[in-house]
Amino acid sequence: MAIAVASTLVFFGALAFLVTRSPGWDRFKAYFFDWSLYRESFPEIAEAFLINVKIFLIAEAVVLVTALGLAVLRSLPGPVFVPVRALAIVYTDLFRGVPTILVILMLGVGMPALQLEGVPDSEIFWATVSLVLVYTAYVSEVYRAGIESVHPSQDAAARSLGLSRFQSLRHVVLPQAVRRVIPPLLNDFIGLQKDTALVSVLGVVEVLNQAGINEAADFNGTHYLVAATLFVAITIPLARFTDWLIARDRRRRQAGGVTT
Amino acid sequence: MSTSALAIEGLHKSFGKLDVLRGIDLELAEHEVVCLIGASGSGKSTLLRCINLLEPIDAGRIVLHGDDITAARVNVDRVRSGIGIVFQAFNLFPHMSVLENVTLGPRKALRLGKKEATGRATELLGRFGLADKRDEYPDRLSGGQQQRVAIVRALAMRPGLLLLDEVTSALDPELVAEVLEVVRELAAEGMTMLIATHEMSFARDVAHRVCFLDAGVILEQGSPEQIFGAPREPRTQQFLQRIVDAGRL
């Protein structure tokens with residue numbers, strides 16, 4: 001313990017010393033760490049961040065469901081479902097392969113340009129759809145790994161009780177699969193949260209564009225620092241909450257060891 | 001003539017090029033307890049899995065209480081809900097409490113109400129000394145307790161036939177007895193059972209009939225006294241001699 005503390009202090013002390021002694025440090029500090037500007041800029045950028053929050057909250061809720069659906073389709077056994085599985089594979093390959101920013105540009109610019117009756121022309125709408133399409137592909141692979149990690153004997157036990165294929169999936173396979181993939185699921189959701197900044201390419205004044213506008217007004221990068229802290233302020237508590245959920249589930253199932 | 005509980009005729013099953021079952025004929029009367037013995041790989045487990053329709057068969061038929069369950073357009077789920085199977089590795093659902101494990105089948109497959117399913121489960125758990133475990137998770141139970149829960153889970157469906165697949169093979173020696181005791185009790189109550197086992201002394205005193213499986217066929221069958229006391233086939237004699245040499249009989 002004492003060694004850990006000492007080595008940590010020495011390491012970060014040396015690092016701080018080196019960085020602050022660098023020739024450009026004063027300019028760097030003035031550009032990024034202007035605390036009065038930080039406080040002044042925070043409310044405005046935080047308000048713009050609400051657009052990002054809205055986008056990722058909606059996208060995450062939708063992706064949780066669509067990705068699970070896609071993973072289940074891809075896990076359907078037997079020759080009858082070959083076309084379904086093939087479609088699911090094509091979808092995943094396509095949307096994992098194309099850069100997210102391109103999907104956002106194509107849908108966000110293209111769909112409103114069609115001027116179709118009944119098709120929304122809001123950039124935020126199409127940006128959210130793009131993120132859902134891309135992240136459904138990623139997250140479905142996470143779910144699929146979880147489904148495949150549940151031993152076939154679990155399904156056999158459920159089916160032997162007379163449960164249908166769907167009932168076995170619903171009550172036995174998926175609950176175990178989902179528990180196992182919560183950490184990688186969270187990983188993808190953090191990625192999704194950060195990728196909401198890509199919506200800026202459509203000209204929506206969300207957190208990144210707002211920070212950029214402010215930066216252009218007084219040539220100070222502290223506005224970007226505000227944006228960065230807003231993202232981190234969301235993801236870190238979420239990560240700790242997930243850790244806590246996983247630990248609680250494990251405790252509930254195994255605490256106390258073997259009782260006889 | 002009353003219909004038998006189970007009738008298997010000319011059952012064949014292969015996995016790729018491997019012929020595991022090569023023409024099985026077997027009949028079980030109601031309330032009869034039949035033990036399947038034989039070396040590992042002789043097809044005991046596969047036979048049980050075929051009867052429960054967990055494995056599709058290649059040829060032959062399986063008739064359960066007069067109904068051909070291997071015919072086309074049979075409701076597989078309904079057939080399975082009438083046959084209990086207990087596995088060597090328990091296969092309890094780790095994310096569910098003991099009570100949830102036992103009530104899942106009655107609630108989802110038999111569509112019983114929560115109250116009725118819970119009542120049924122509580123009664124069975126009580127009967128087999130597991131009443132105080134109903135809210136535990138399987139990982140917190142000993143192997144013997146887990147296997148008893150697995151048996152209770154099968155019994156909660158009120159099956160007309162119970163299949164036991166090496167139910168003590170994954171247990172520590174000191175836990176075997178508590179599980180076999182449960183099976184003895186079921187036999188005494190008249191449960192129709194087909195039991196694949198390596199426990200020869202258990203087979204000798206619980207079985208009405210013993211079948212020796214060898215290379216995918218029932219090579220010899222008879223009363224426990226005949227099979228264990230005076231086996232006719234040389235292969236049966238060899239198998240039993242190996243068991244005796246291993247100190248297991």
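**Entry 1: S3 and S9 of chain B**

I began with strand S3 (residues 33–37) and strand S9 (residues 209–214) of chain B, which pair in the parallel sense over 4 bridges. Strands count as paired here if DSSP finds at least two bridges between them. Helices (H or I, at least four residues) and strands (E, at least two) are DSSP runs, numbered from the N terminus. I looked up B:Val34 and found its bridge partner in S9(B) to be B:Arg209.

This is a predicted model: local features need pLDDT of at least 70, side-chain atom pairs count only at pLDDT 80 or more, and totals for chains, interfaces and linings use all residues. Residues are numbered from 1 along each chain as its sequence is written, and chains are lettered from A and ligands numbered from 1 in the order in which they are written.

**Entry 2: the sheet around them**

Next I traced an open sheet of 6 strands in chain B, with the order S6-S7-S8-S3-S9-S10 and mixed pairing. Strand S6 (83–86) and strand S10 (217–222) of chain B each have a single partner strand, so one side of each is left without a neighbour in the sheet. From one strand to the next the twist averages 20°. Helix H5 (residues 143–155) of chain B packs on this sheet and touches S6 and strand S7 (161–165). The direction of H5 makes about 170° with that of S6(B). For such angles, axes are lines fitted to C-alpha atoms, for helices over the stretch in contact, and the values run from 0 to 180 degrees between N-to-C directions. Contact between two residues means C-beta atoms, placed from the backbone, within 7 Å.

**Entry 3: the other sheet and its hairpin**

I then went to the 4 strands of chain B that form an open sheet in the order S2-S1-S4-S5, with antiparallel pairing. S2 and strand S5 (67–68) are the edge strands, each pairing on one side only. Strand S1 (residues 6–15) and strand S2 (residues 18–28) of chain B run antiparallel and are joined by 8 bridges. They form a hairpin with 2 residues between them. B:Gly16, in the turn, has a positive phi of about 60°. B:Phe15 stands opposite B:Leu18 in S2(B). Helix H1 (residues 44–51) of chain B lies across S1, S2 and strand S4 (59–64), at about 65° to S2(B).

**Entry 4: chain B overall**

I counted up chain B: 9 helices and 10 strands. Its radius of gyration is 18 Å, close to the 18 Å that the globule rule gives for 249 residues, so chain B is as compact as a globular protein of that length. The radius is taken over C-alpha atoms, and the rule is 2.2 Å times the number of residues to the power 0.38. The C-alpha atoms fill a box of roughly 55 × 45 × 40 Å along the principal axes. Buried residues make up 47% of the chain B total. Buried means 20 or more other C-beta atoms within 10 Å of a residue's own, exposed means 12 or fewer, and partly exposed is in between; C-beta atoms are placed from the backbone.

I also checked B:Arg78, in helix H2 (residues 76–81) of chain B. B:Arg78 counts as exposed, with 12 C-beta neighbours inside 10 Å. Its C-alpha atom and that of B:Gln226 are separated by 37 Å.

Helix H9 (residues 234–245) of chain B came last. Its 12 residues should span 16 Å at 1.5 Å a residue, and its end C-alpha atoms are 16 Å apart, which agrees. The expected span is 1.5 Å times one less than the number of residues. B:Gly247 follows H9(B) and has a positive phi, near 75°.

Chain A has 11 helices and 0 strands. Its radius of gyration is 24 Å, well over the 18 Å that the globule rule gives for 260 residues, so chain A is more spread out than a compact globule. Its C-alpha atoms fill a box of roughly 70 × 65 × 25 Å along the principal axes. Of its residues, 28% count as buried.

Which residues make the contact between the chains? It takes 23 residues from chain A and 22 residues from chain B. Helix H7 (152–160), helix H8 (165–180) and helix H11 (222–254) of chain A each supply at least two residues of the side that touches chain B.
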